[in-house]
Amino acid sequence: MESLPQKRPPEPVEVRRVLEERARAAGFDLVGVTGVEPLAEGGERLREWQEAGMAADMGYMHRPVELLSDPKKLQKSARSVVSLGVSYYPGDHPENTGSGGRVARYAWGRDYHEVIKARLFRLREELEEELGVRIKARGFTDAVPLLERSAAQHAGLGFFGRNSCLINGSVGSYFFIADLIMDLELTPDPHGTGTCGQCTRCMDRCPTGAIKAPGVVDARLCISYLTIENKGAIPHHLRPLVGDWAFGCDVCQEVCPYNKTKATKSRWPEFSAEAGKGPYLDIVETLGIRSEDEFERRFAGTPLTRPGRAGILRNCCVAAGNLKLEGAIPALILALREDPSSLVRSHAAWALGEIGVPESRLALGEAAKNERDAGCREEIALALEGVGPDGIRGLE
Ligand code: B12
Ligand code: SF4
Ligand code: SF4
């Protein structure tokens, strides 16, 4: 039987040109390409990070270094890694008027996983059409086991800041990284370069001292981990340092001179404050969410579903305690009495102790008699110790 004429694969340099054009038209701010060789230096740094316990209990970050640093493990036939950057910068937080739980900028709008994935698939289809070839590709952002910052640095998207974020000299660091691993050969880009110079602002200003060395963040101390990935209690000694952050943390990016001068607002409407929950959660309102269904109804389609209902309420308790939010006392008392989650009840007890007015002491005393969970009873006792018989905090 006569074989069909084989279509010649397009030249790598031509594919690179078409990619650039299409990716920019699709709204990506940064486009780069690298090969599929293992990310050796990133892998080495990952190994040290894991061995030092800095991955905390994030199961997916304990996977073997060989897997996380090798794009070919994700797709055997892969020949190139396309790394894309999209700015999510939605602007700066307005002043907290006193009752808000602060949300990190990347989470103000719609869930970026879904939003970006849809555009990645469209981009692949457009490339197939324009180049006239079938492309086998995997497209993802923040969802599969690959050192995305390392791959992006290899692809020329930027350099590693001391805060460990990838910084681009023209747009700063408020951008998501997305990847298309493809079986098509493209001309690679030179590695990203740049430097922090003498600056150490992020290390000096991190509220919890989580940046242990340049480019090394100990997740166990990072507010982003504590409020998002962490499923359990926020350690007592760290609670006061969390401040009013209710989801994530931007401090090490806010202080960065690259962001002060280069951050430009995202062109994607999905990442604007109006598209999602915006810069603050209403703490009192959030503390009243008692069921998973109601939580889903309010937060579905935003990144805030990640820590789950109990996680978000836990965070709001901590923010209320740190803000000494007397207006939240009735909501905290209800949470302490009625919430089905012991995680929420114990953090509500802590917050009431922090606010430390006679009303909180009464509520804590009553809860001490009725609480069945041993961990919560301990939290209540600690909170009562802190608030003297007159309702004034006595341990400061
Ligand atoms: C686990 C994780 C976290 C953890 C741990 C963060 C950390 N720094 O390790 C926690 C929950 C704390 C977290 C927080 C945040 N995250 Co996060 N996170 C990830 C995830 C899933 C893996 C990161 C990882 O591999 N960590 C392990 C360490 C060892 O790797 P690394 O931090 O990337 O560090 C690299 C450098 O050290 C580099 N390196 C190599 N050579 C050299 C040389 C020098 C000189 C230096 C300095 C570094 C360096 O090698 C390492 C390995 O790649 C990635 C997505 C992904 N799959 O990659 C997103 C990701 C890193 N997160 C992201 C974001 C947006 C955030 C937050 C800003 C969210 C927020 N506002 O709360 C914060 C930022 C905190 C911070 N300063 O890092 C973006 C970052 C985009 C960018 N421009 O850098 C990513 C890439 C997700 C995405 N697809 O967009 N995150
Ligand atoms: S995100 Fe916040 S807590 Fe984490 S390293 Fe940056 S400043 Fe520190
Ligand atoms: S704040 Fe300074 S040290 Fe930190 S990442 Fe930005 S430039 Fe680098």
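Reader: At what angle do helix H14 and helix H15 pack, and how far apart are their axes?

Author: First, how to read it: axes are lines fitted to C-alpha atoms, for helices over the stretch in contact, and angles run from 0 to 180 degrees between N-to-C directions. Helices (H or I, at least four residues) and strands (E, at least two) are DSSP runs, numbered from the N terminus. Here H14 (residues 329-338) and H15 (residues 342-355) pack at about 145°, with axes 8 Å apart. Their contact, meaning heavy atoms within 4.5 Å, involves residues including Leu332 and Leu336 of H14 and Ala348 and Leu352 of H15. By class, that contact has eleven nonpolar, no polar and one charged residues.

Reader: What should I know about the model itself?

Author: It's a predicted model, where local features need pLDDT of at least 70 and side-chain atom pairs count only at pLDDT 80 or more, while totals for chains, interfaces and linings use all residues. Residues are numbered from 1 along each chain as its sequence is written, chains are lettered from A and ligands numbered from 1 in the order in which they are written, and side-chain values use heavy atoms, with hydrogens and water left out.

Reader: Is strand E2 covered on one face or both?

Author: Go by the word buried: under 20% relative accessible area, with exposed over 50% and partly exposed in between (1.4 Å probe, protein chains only). In E2 (residues 80-87), eight of its eight residues are buried. Both faces are covered, with Val82 and Leu84 among those on one side and Val81 and Ser83 among those on the other.

Reader: Which way does E2 run against strands E1 and E7?

Author: Two strands pair if DSSP finds at least two bridges between them. E1 (residues 30-34) is joined to E2 by five bridges, antiparallel, and leucine 30 stands opposite glycine 85. E7 (residues 175-182) also pairs with E2 in the antiparallel sense, over eight bridges; there, leucine 84 has alanine 178 as its bridge partner.

Reader: Which residues are around ligand 2, and of what class?

Author: A residue counts as near a molecule if one of its heavy atoms lies within 4 Å of it. Around ligand 2 you'll find Cys206, Cys222, Cys249 and Cys252, among others. For classes, Ala, Val, Leu, Ile, Met, Phe, Trp, Tyr, Cys and Pro count as nonpolar, Asp, Glu, Lys and Arg as charged, and the others, Gly among them, as polar. The shell around ligand 2 has eight nonpolar, one polar and no charged residues.
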